[in-house]
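Me: I'd like to learn how to read salt bridges and domain contacts in a protein model. Can we go through one together?

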2 protein chains.
Amino acid sequence: MLDARVIRTLKSILGSENVVTAKEDLLCYSFDATAGMPEHAPDVLVTPHSTEQVSAVMKTAARHRIPVYPRGAGTNLSGGTIPLRGGLVLSTLKMNKIIEIDPENLIAVVQPGVVIQHLNEAVAPYGLLYPPDPGSMATATMGGSVAECSGGLRGLKYGVTRDYVMGLEVVLASGEAVRFGGKTVKNVTAYDMVRLFTGSEGTLGIITEITVRLIPAPPARVTMSAIFKDLTGAGRSIEGIIKNKVIPATMEIMDRVTMETVENHARVGLPIQAEAILLIEVDGIPEVVQKEASIVQEVVAKNGGEVRVAANDQERDRLWAARREALPALAQKRPTTILEDATVPRSKITEMLLAIQEIGRRYNLIIGTFGHAGDGNLHPTILTDARDREEMERVHKAVDEIFKTAISLGGTLSGEHGIGLAKSRYLPWEIGTGGVNVLKKIKEALDPQCLLNPGKMVACGEDQK
Amino acid sequence: MLDARVIRTLKSILGSENVVTAKEDLLCYSFDATAGMPEHAPDVLVTPHSTEQVSAVMKTAARHRIPVYPRGAGTNLSGGTIPLRGGLVLSTLKMNKIIEIDPENLIAVVQPGVVIQHLNEAVAPYGLLYPPDPGSMATATMGGSVAECSGGLRGLKYGVTRDYVMGLEVVLASGEAVRFGGKTVKNVTAYDMVRLFTGSEGTLGIITEITVRLIPAPPARVTMSAIFKDLTGAGRSIEGIIKNKVIPATMEIMDRVTMETVENHARVGLPIQAEAILLIEVDGIPEVVQKEASIVQEVVAKNGGEVRVAANDQERDRLWAARREALPALAQKRPTTILEDATVPRSKITEMLLAIQEIGRRYNLIIGTFGHAGDGNLHPTILTDARDREEMERVHKAVDEIFKTAISLGGTLSGEHGIGLAKSRYLPWEIGTGGVNVLKKIKEALDPQCLLNPGKMVACGEDQK
């Protein structure tokens, strides 16, 4: 419990209505969208409306050495927002203004609580697009997605969040607000602090304003599905399309387990007898789109796949609905869904898909795999039951093997979900203890009291005792 | 002078032929491509061939507290490689192997001493391109350009160096080698160390291996010149082209002073009676290129410009040769050339161009301006004489005003040349003392003895006394 004086100070900064201490209200902040994580409620929830208020809250926390857990919509998938050590949850949901849309410079400036989709709705009338599109974009906030450096379906062609963040205002652990970057396309003024804070998972500072780059919305698109009797054909098609110099906006995969589950759940007409389906969308100006679509069709046919082109928006929407159903459908099959985020170089996709199947067989587990095939970012999803201790032991072993395999294929622990609480123990596998020490030094330099999202990504403070 | 034991240790690590101590040989390392900087020779030049050797050299330097100045081709324009405090210059020129070209994953892995153009010549047969193209690409190294986060002519459409670096191996101040990132398009494993070291100007570590992303080379292009009787028409055209959703590969500007000088110098047929010329190139697949070229022509005509389309490669080459002549031609006009790098949001280009003209008039200086108009990255170039103290005082005042104006228009101190020695005193203008303190903390965390390129970008060690 926090000292009553601290609560009074917070109320004087924010107004009583923005300082929540009722246990039943705090419970919803003890977890996030990540399964299988420890739960812990904060001592207090604060909802500032301005950078000045975030600054004042952080100064109070620093004075009393209280942990601060920044939180957007809590949709992250690495346990990133769980307030493990109590203290404050700082919700950015009331800092939800779009400050500026600047169509001349293709730029928008937003507060962290703006929902990604709301930004896209606001820029659409200008013919513009903010490309990063994590699965949770209808609820996830800009602040959360910048802090996590979210990926999404369009990553292959359009890149991820870091490619669109041009400037940030950040409140440091001391409570001081600083600004880096801005509205220029080119900026090499000193260290790349914009990208250090992007993806820092709330452990180095609290993001209070974001300047992002927009792009002209592509005027045309063609959406296709490609059905394969074996994983190898799907894998070869993915490689072949890129080799033929076509970079689709999205190229998604679902394996048989995922298709069966989606079909049982939602009856969208997926071919449950097939081993894999690719959903491919090319976009751009009409002439390019037609050309690229025909290259895709040739490559798929050559690799034994059966292509269907969505004839209209309705058919397109049905295909993407099936893809979006993947996680919810899998999640309903068994009580616990362990969603992973292993990512490999594109050319290793087939190997990785086969390895995941084999690991599932070896540990007798149901693993459905779907994900962003074009950029090698797979989401093997283990369907299990957290109450079954014996099975959970097998799950942990399987997860370990999945990551070991990804790294041995030249891949990474996390393509887009971040490290958070869920993966910090795996960090040395990828970057070595030398690499982890570099992270720690940066954490200690910018947050010497270990107050910002402690217990996540890198050890600090009491972790190290 | 370094202790003879240190020299012996270095020779035992590298072999005598890779440890140079003769004064006359060291002189060439006392300056770089930047004008108007103090000169200082190193005590020794070392040329390692491997990461292991870099590691061993750095360990020796750390043990004896000797400054280490990493250096590629020395083409930087911010005094970034000058060994201000003596010690070691570590040249990467002998680490010049292309380790791997991986056309399936659109990736190349190189040692830091590889020349940018050599990489492009090596990937061209695969139909691939490494887009960053600083003016010095024929001699500049990959290591230097990653350390400086170089821009170039194609920045508008294709981004800058940071957008292409996927993985790095870096030798830290302790001598330990660490690796971050890799071959996956998506990677959010922990803090973005790849982008922290990219653009760190040799002050945080020595880059020993680089993994970069390649793109399919665009199959077609159209090159155009557009001549304007006033700067406003040129400025409006730049804005109008982007507003019409055309993002040219390059969109360069030269003002009257620059054109006159180039024409006097090289007789390439530039219209010296005009106020500004834009050189615009659109690229992509043929259908797109034709469409975009006609939009460019419409916009230019509407803004009072006169367009010519290069009929063939010869005409194209002549246009770009004129642009490449800008700096050498200006540099011949007077003894000293002060090349600046002020960058503003695209919509402020006209304002900035007019402001530079006005500053030139006010201080009675010749300023030629050219640069990457499409991304707001201008190179106002003051032609002066370093021996004329009175004039140099006016130059310094003019430079101060140019940066003040750029920042007041929402711009930045450096679009692509970095901070180095030349601009460190301006840093607080852009990021405040709070921002500078963040940089210092990171510098101290990773280089506590202040051994890596000391005296550049952020103060450390004896600067602070």
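Me: Is B:E287 buried, partly exposed or exposed?

Reply: Keep in mind that this is a predicted model. B:E287 has 32% relative accessibility, so it counts as partly exposed. The label "partly exposed" covers the range between the buried cut-off, under 20%, and the exposed one, over 50%.

Me: Which residue does B:E287 form a salt bridge with?

Reply: The general idea first: side chains of opposite charge can pair when their charged atoms come close. Here, B:E287 pairs with A:K291, and the closest N and O atoms are 3.9 Å apart. A:K291 sits in helix α10 of chain A and B:E287 in helix α10 of chain B, so this pair joins two chains. A:K291 is partly exposed as well, at 38% relative accessibility.

Me: How many salt bridges are there over all chains?

Reply: The count comes to 54. Let's pick one inside chain B: B:R334 and B:E391, with their closest N and O atoms 2.7 Å apart. This pair links distant parts of the chain, 57 residues apart: B:R334 is in the loop between α11 and β16, while B:E391 is in helix α13. B:E391 is buried, at 9% relative accessible area, whereas B:R334 is partly exposed, at 24%. Salt bridges can also share partners, and that joins A:E100, A:D102 and A:K183 into one network.

Me: Okay, on to domains. Which domains is chain A divided into?

Reply: There's domain 1 (4-93), domain 2 (98-216) and domain 3 (220-409). Take domain 1 and domain 2 of chain A: their C-alpha centres lie 22 Å apart. The contact takes 17 residues from domain 1 and 19 residues from domain 2.

Me: How much area do domain 1 and domain 2 of chain A bury between them?

Reply: The size of an interface is often given as the accessible area lost when the parts come together. For domain 1 and domain 2 of chain A that's about 1,300 Å², with 63% of it on carbon and sulfur atoms. On the domain 1 side, A:T51, A:M58 and A:T92 supply 32% of the buried area, more than any other three residues.

Me: How many salt bridges and polar contacts are there between domain 1 and domain 2 of chain A?

Reply: Zero salt bridges, but two residue pairs in polar contact. As for elements, α3(A) gives the most to the side of domain 1 that touches domain 2, with six residues. The residues on that side divide into eight nonpolar, eight polar and one charged.

Terms used. Residues numbered from 1 in each chain as written. Chains lettered and ligands numbered in written order. Predicted model: local features only at pLDDT ≥ 70, side-chain atom pairs only at ≥ 80, totals over all residues. Heavy atoms only, no water. Domains from an automatic or database assignment. Contact = heavy atoms within 4.5 Å. Buried area = accessible area lost by both parts, 1.4 Å probe. Salt bridge = Lys/Arg side-chain N within 4 Å of Asp/Glu carboxyl O. Polar contact = N/O pair within 3.5 Å; in protein donor to acceptor, adjacent residues only side chain to side chain. Helix = DSSP H or I, 4+ residues; strand = E, 2+ residues; numbered from the N terminus. Nonpolar A, V, L, I, M, F, W, Y, C, P; charged D, E, K, R; others polar. Buried < 20%, exposed > 50% of the residue type's maximum accessible area, 1.4 Å probe, protein only.
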